[in-house]
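Please look through the sequence and the structure shown below. The report that follows goes through some of the features that can be read from the model.

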Amino acid sequence: MTKSLKTKKEIIELATDFNRYVRAHHWTTRYDQDTDSFHSTAAKLSPDARIHYVDDEFAFYTTPQGKVEGLFIEYFTSNFLSQQPKLKKVLSRPTKSKNALIKLRQNQMRAIAPTLEEAMKNSIAAKLDFS
């Protein structure tokens, strides 16, 4: 299997079963309230991992060997929480916390996984060209 095909298969697996993929690869997921962005990555990215943007808001961290080590979603054109009001409570920081970065727990992951999967699928589908 080529590196490119391996990477594509991993990305499809991630987009179709985000929560299981993240657990299986022991990734940590964080939500940054200040930038309205999600980061889900291996505990430590490989030194040769690079970010590859799918579009303006969605990217993967991959190695030259084709391994996907994380994803990054930042909502530049539309605020994520304003588009997903039911998740606002799930992703809000504790009132006493001054840290904008929230490490998501398993129950939070289950709540946001379908929304993130849909965002990934839409982003990938928008790049398909059948002409």
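## Aromatic pairs

In this predicted model, a search of the whole structure finds three aromatic pairs. One of them joins Tyr-21 and Trp-27, whose ring centres are 5.3 Å apart and whose planes meet at 75°, so the pair is edge-to-face; the cut-off that decides this is an angle of over 60 degrees between the planes. Tyr-21 is buried, with a relative accessible area of 0%, and Trp-27 is buried as well, with a relative accessible area of 9%.

Another pair is made by the rings of Tyr-31 and Phe-38, which have their centres 4.8 Å apart and their planes at 40°, so this pair is tilted. Tyr-31 is buried, with a relative accessible area of 1%, and for Phe-38, which is also buried, the value is 1%.

## Strand E2 and its partners

Strand E2 covers residues 37–41, and because four of its five residues are buried, the strand is largely enclosed by the rest of the structure. With strand E1, which covers residues 28–32, E2 pairs in the antiparallel sense over five bridges, and in this pairing Asp-32 stands opposite Ser-37 of E2. The two strands E1 and E2 form a hairpin with four residues between them, and in the turn Asp-36 has a positive phi of about 55°.

E2 also pairs with strand E5 (residues 68–74), again in the antiparallel sense and over five bridges. Here Phe-38 stands opposite Ile-73 in E5, so that the residue whose ring pairs with that of Tyr-31 also has a place in the pairing of these strands. In a regular strand, the side chains alternate between the two faces of the sheet.

## The largest nonpolar core

Which residues touch the most other members of the largest nonpolar core? Of the 23 residues in this core, they are Leu-14, Phe-18, Trp-27, Phe-60 and Leu-71. The elements that give two or more residues to the core are helix H1 (3–16), helix H2 (18–24), strand E4 (58–62), strand E5 and helix H4 (106–127), and the largest share, five residues, comes from H4.

Leaving aside its neighbours within four places in sequence, Phe-60 is in contact with Ile-11, Leu-14, Arg-50, Ile-51, His-52, Val-54, Val-68, Gly-70 and Leu-71. Among these partners, Leu-14 and Leu-71 are themselves listed with Phe-60 as core residues that touch the most other members.

Notes:
Residues numbered from 1 in each chain as written. Predicted model: local features only at pLDDT ≥ 70, side-chain atom pairs only at ≥ 80, totals over all residues. Heavy atoms only, no water. Buried < 20%, exposed > 50% of the residue type's maximum accessible area, 1.4 Å probe, protein only. Pairing = 2+ DSSP bridges. Core = buried A, V, L, I, M, F, W, Y, C linked by side-chain atoms within 4.5 Å. Contact = heavy atoms within 4.5 Å. Phe/Tyr/Trp six-rings, centres within 6.5 Å; stacked < 30°, edge-to-face > 60°.
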